[in-house]
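Please walk through this structure strand by strand, with the viewer open.

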Amino acid sequence: MDIRISPGIFLLLVLFIININVCAQLKTATLSESDAKEVNVLLSELEKLDASKDKLQIADFYNKIGSIYWDNESTVEAVNFFSKSIQFNIEIGNRNAVQKLNYNIALIYYDIEYFDEAFDYFKESLKQNQDLNRPIDIAYDKYYLALCLQGQKKFKESNKYLRQALAIVQESNDVKGMRNCYSSLAENYEALGETAESMKNYEIYLSLTNELNKKKISEAETKVNNIEKEKLQKEKALRQQADTLKEVLHSKALQEQEIDSLNRMNELRETIIKQQEEKQRVVYFAAIFVGAFLFLLILLFIFVYRQFRQKKKTAALLEQKNAEVELSKKEAEEQRDLANEQKRKITDSIKYAKRIQNAILPPKKKITAVFDDYFIFFKPRDIVSGDFFWFTRKDKVAIIAAADCTGHGVPGAFMSMLGIAFLNEIVNKIAINKHINSLQANDILFQLREQVINSLHQRDGKEESKDGMDIALCIIDYENNRLQYAGAHNPLYLMRDGDLISYAADKMPVSIHRRADQEFTNHIIQLKDNDCLYIFSDGFVDQFGGENGRKYMSKRFKELVKEIHQKPFEEQERILTQELSDWKGEKYHQLDDVLIIGLRYNSKVKLKKADEEHDWSRKRILIVEDIDVNYFLLVEAMSITEVQILRAHNGAEAVEFCQKNEVDLILMDINMPVMDGYEATTEIRKFRKDLPIIAQTAQFGYAEKEKCQEIGFTDFIAKPIELKIFVRIIEKYLFNKNL
Amino acid sequence: MEVIVIEAQLDTPGVKLDKASNIFEISGKSLPENVMDFYGPILEWVEDYAKQPNEETRFVFNLEYFNTASSKMISSLFEILEVMVKAGHKVVAEWHYFEDDDDMQSAGEEFEDVMEVEMEFFPYM
């Protein structure tokens with residue numbers, strides 16, 4: 001059998017491949033033959049038209065020619081013909097076409113990176129789209145304008161257009177458009193050196209890309225499914241065709257049988273004819289056979305080609321999926337980094353809060369000036385603490401307290417700040433209004449409880465917070481060798497002559513409670529030299545650990561105190577630190593904040609009297625301020641000075657206070673209810689000409705300053721207050737110092 | 001009424017509330033990060049129970065440690081027991097504590113002192 005068909009099929013294949021390649025590589029600026037022909041036809045048609053009558057047609061022809069040149073990447077001619085088309089379209093007022101043509105020309109210029117020209121044409125297109133009120137087209141014009149500006153390296157202006165474009169595409173939920181805008185924004189910011197901003201936009205771009213990819217994958221999947229279905233259908237059709245072919249062959253065989261029998265009947269008569277028929281039959285079968293072979297080959301080719309395309313598709317899909325996986329992995333990593341970053345930020349801010357807390361806790365210097373043998377073992381569980389200690393000195397009286405607020409960490413720290421501020425306010429008020437000797441430990445706790453309840457609005461109502469604090473507070477009177485102790489849940493241990501005396505605290509907290517109207521017990525103890533005092537929070541005794549994971553418990557703590565109380569207090573602190581660490585071991589974490597204060601009483605301690613000139617503790621400052629937060633801020637700002645602070649909530653209170661009491665300086669807020677700062681100062685000036693009165697206010701313009709001087713303010717401090725300057729100004733007027 | 005059984009964890013106590021078997025018990029350590037999350041459902045259950053309590057209710061407290069925030073919740077629990085007492089029901093709070101643990105004993109005494117609920121103390125070795 002002669003098989004000359006296969007080279008023919010090869011030829012077909014080769015032609016087919018060449019054809020594909022030719023299409024892909026066509027990039028010359030000259031026209032293809034068929035296009036050149038078409039252009040010629042159009043040009044000759046154009047010549048027949050009347051430039052004054054057939055404007056619409058002329059515009060259309062120019063457009064068509066321009067498009068052909070554009071398709072052939074012959075940019076100069078394309079722009080030329082599009083421009084001609086624009087002229088005619090303008091004449092007939094076809095704004096839509098004018099816009100499209102401008103846009104096309106702009107795209108052409110943009111493609112060849114003629115950004116100046118492209119910019120002008122996009123601008124034109126934008127103008128028309130704005131006239132035509134087509135927001136989506138406007139967005140794309142602006143996007144391309146931004147790209148042109150980017151090409152011109154005008155990144156900031158480019159961003160302006162991008163933001164405008166973004167606003168529009170966001171409204172129409174055009175994910176692709178949004179993605180493009182964010183990508184360009186990221187590029188611009190990067191070029192501008194604003195890395196953070198760039199990263200931000202890049203992240204959005206990534207997430208949008210992800211979204212788009214998801215869509216694309218699902219589309220690709222349905223496409224693949226469809227192709228699969230089609231393939232199955234085609235296979236089925238082919239099978240059916242083959243069946244038909246078989247049938248045809250079968251019926252031919254029947255026919256042959258018939259012919260055979262006829263032939264047998266006319267054997268003798270028709271020998272020659274029979275031979276001829278036989279010959280024809282062979283030819284016929286050969287033809288069928290060759291046809292079938294050809295058909296099968298084509299089938300095979302189609303099959304192989306489909307297989308090849310399918311493979312390519314699958315590979316592409318796989319690649320896309322891999323990219324997707326890669327991307328989500330990257331995203332997961334980014335999210336982890338983000339979480340770490342957030343954690344770091346929070347930790348940083350808490351660490352900063354710790355600095356503030358440390359600053360507010362009494363400075364060591366102040367305590368060391370009074371106690372010669374003492375320790376404060378302070379070990380917060382977290383960064384900031386719910387336990388706090390408080391110390392102050394009024395003449396020959398020292399007051400020290402160890403407190404434990406509800407909760408630990410940040411919530412505890414909030415409460416501890418409140419506690420410190422309240423204690424300062426309460427003790428200063430008592431010390432000024434009465435004689436120092438009238439200070440009572442239980443009275444301080446009573447007032448502290450009032451303040452906590454009032455400020456946290458703990459009155460009735462089921463939902464109120466029951467937050468508050470436990471506290472042990474000691475007033476040590478060096479003049480009379482007398483100790484006062486009052487406690488809320490936290491006891492006092494006194495070691496004397498080897499015996500431990502435990503002074504029980506009242507079984508109620510400093511917060512709302514059933515017995516919030518009852519007074520705390522005031523223990524009065526005559527002190528002897530070498531008496532050792534211990535006050536503490538429950539963090540140490542409640543620590544889990546040891547062999548059985550039990551609490552440390554008071555019993556064991558008492559024994560330890562008995563054992564070590566004669567050692568220097570610095571060493572006692574070391575022992576306690578070690579004991580806590582040993583007790584909890586590796587297995588247990590610190591349960592709560594830990595605070596233990598210990599001190600040895602020594603009546604011979606000469607309380608160092610500070611230099612009169614700089615002894616702030618003898619000075620009284622009246623703060624006139626209606627807002628609590630501002631008041632506390634001022635109190636804290638001056639806490640290191642030990643100055644005595646009093647408060648009035650408005651001008652009227654201030655005037656009344658000054659009539660009855662001595663003060664050394666007034667810090668006056670301006671805007672207040674009842675009576676403002678101006679009026680109050682005017683009143684006070686009537687009877688206190690020389691008293692320094694310093695205005696403190698947030699709004700401070702020239703006019704206010706004028707008014708302050710006129711009324712008789714000594715000076716003014718603008719809010720927000722700068723700590724160092726603030727203290728120096730106060731010092732200046734308090735001690736008549738020159739700055 | 002449904003039965004509440006909560007296994008003790010590192011920071012939360014074990015709880016068993018069973019009206020039919022007349023068992024009411026809370027035991028272990030209590031220092032949850034958020035007390036309301038843990039005690040909210042328990043208080044709700046007891047409040048519900050208080051409307052139609054058994055003839056005699058013995059509520060067993062067998063706690064090794066509770067933090068300040070938990071103590072507010074336990075005091076809320078006592079307040080509900082108190083309501084039952086005032087409504088004329090027989091209620092006893094059993095306070096179990098480790099013999100050496102003076103702090104836990106005194107915590108129980110404080111509840112006895114403040115609340116109008118009959119208490120029985122059970123120190124154990």
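What follows covers chain B, its sheet, and then a sheet in chain A.

The model is predicted. Begin with chain B. Three helices and six strands make up its secondary structure. Read from the N terminus, the elements come in the order β-β-β-α-β-α-β-α-β. Chain B has 125 residues, and 33% of them count as buried. Now take its contacts with a separation of 6 or more. Residues 24 or more positions apart account for 68% of these.

Next, the sheet of chain B. Six strands form an open sheet in the order β1-β2-β3-β4-β5-β6, and the pairing is mixed. Which strands of chain B sit at the edges? They are β1 (4–6) and β6 (118–124), and each pairs on one side only. From one strand to the next, the twist averages 15°.

β1(B) and β2(B), the latter spanning residues 14–18, run antiparallel. Three bridges join them. B:I4 has its bridge partner in β2(B), namely B:L17.

Now turn to chain A. Here an open sheet of five strands has the order β1-β12-β9-β6-β7. Its pairing is antiparallel, whereas the pairing in the six-stranded sheet of chain B is mixed. Why is one side of β1 and of β7 in chain A left without a neighbour in the sheet? Strands β1 (374–379) and β7 (499–503) stand at the edges, each with a single partner strand, so one side of each has no neighbour there. Direction ignored, neighbouring strands of this sheet are turned by 15° against each other on average.

Go inside the sheet of chain A to the pair β6 and β9. Strand β6(A) covers residues 492–496, and β9(A) covers residues 532–536. The two run antiparallel and are joined by four bridges.

Helix α16 of chain A, residues 569–584, lies across β1 and β12 (594–600) of chain A. The helix runs at about 25° to β1(A).

How values were computed. Residues numbered from 1 in each chain as written. Chains lettered and ligands numbered in written order. Predicted model: local features only at pLDDT ≥ 70, side-chain atom pairs only at ≥ 80, totals over all residues. Pairing = 2+ DSSP bridges. Axes fitted to C-alpha atoms, helices over the stretch in contact; angles between N-to-C directions. Contact = placed C-beta atoms within 7 Å. Buried ≥ 20, exposed ≤ 12 C-beta atoms within 10 Å, placed from the backbone.
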